Amino acid sequence: MARIAQPTNLELQALTVLWHHGPSTVAVIHEQLPDGKARAYTTVLTVMQNLERKKLVKRTPAGRAHVYESVCPREVVIKQATGDFLTNTFGGRLDEAVLAILSTGMLTPEEKTNIEQQLKQHTTMPAKKATKKVAKKAAVKKVAPAKKAAPVKKAAPAKKAAPAKKAAKKVAKSAKKAPAKKVAKKTVAKKAAPAKKAAPAKKAAPAKKAAPVKKAAPAKKAAKKAAKKAAK
């Protein structure tokens with residue numbers, strides 16, 4: 001079935017009055033709007049004219065007034081409106097939508113019983129639809145991981161080649177430094193060489209020649225001679 005013209009929130013409220021109270025005049029609709037907000041009569045009249053233009057209601061003259069009646073089945077309007085609401089607000093998650101709606105107010109025992117009966121009937125629907133939804137979700141989850149393949153960027157270990165450059169630089173530096181060491185050794189060797197010349201200091205040993213002090217021995221001879229002379 002083709003989509004109907006989407007009614008606005010206020011237009012939906014006016015349609016609700018027609019569904020519950022039957023054909024009504026603008027004055028009745030104005031008084032029965034669910035939200036109870038204060039609005040001008042002309043505002044409600046404009047709303048009903050828009051609904052007539054969208055072919056959701058028809059107008060019938062009744063004396064000096066006009067009576068409006070819904071011409072589009074309630075089920076069609078509600079199904080389209082709730083479907084859009086479910087998709088736009090909950091992403092199509094029916095369970096979340098039901099829980100959210102239930103949390104907005106209290107149910108009477110009769111309403112609760114009616115809902116439970118509707119839920120029992122709802123579970124009798126073919127399970128094929130549920131399996132299709134599960135399959136779609138599973139397929140989406142399986143396909144999604146493909147995005148994780150992006151880490152292929154790690155294969156760019158080309159950057160590790162950089163250390164080769166560092167190694168080359170180290171080799172170059174060591175090659176340049178090597179000659180410096182040789183030069184240093186040569187300079188040290190040259191400077192150290194003169195130290196060997198200082199060795200001649202050993203010549204100081206001749207100081208032992210001072211031993212000739214023994215020459216004092218002749219003094220003994222002199223003493224002996226003096227003694228001999230004295231003896232004479």
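Gln80 is buried, with a relative accessible area of 12%; buried means under 20% relative accessible area, exposed over 50%, and partly exposed in between, using a 1.4 Å probe and protein chains only. The structure is a predicted model, in which local features need pLDDT of at least 70 and side-chain atom pairs count only at pLDDT 80 or more, while totals for chains, interfaces and linings use all residues. Residues are numbered from 1 along each chain as its sequence is written, and side-chain values use heavy atoms, leaving out hydrogens and water.

Gln80 belongs to helix α4, residues 74–90. Helices (H or I, at least four residues) and strands (E, at least two) are DSSP runs, numbered from the N terminus. With residues up to four places away in sequence not counted, Gln80 touches Arg3, Ile4 and Gln6, where contact means heavy atoms within 4.5 Å. The side chain of Gln80 also reaches the backbone oxygen of Ile4, at 3.1 Å.

Helix α3 comes next. In α3, the buried residues are Val44, Val47, Met48 and Leu51. Viewed down the axis of α3, the buried residues fall within an arc of 95°, so they line one face of the helix; the arc is that of the directions from the helix axis to the C-beta atoms. After α3 comes Lys55, with a positive phi near 65°.

Technical notes: A polar contact is a pair of N or O atoms within 3.5 Å; within protein, one must be able to donate a hydrogen and the other to accept it, and residues adjacent in sequence count only if both atoms are side-chain atoms.
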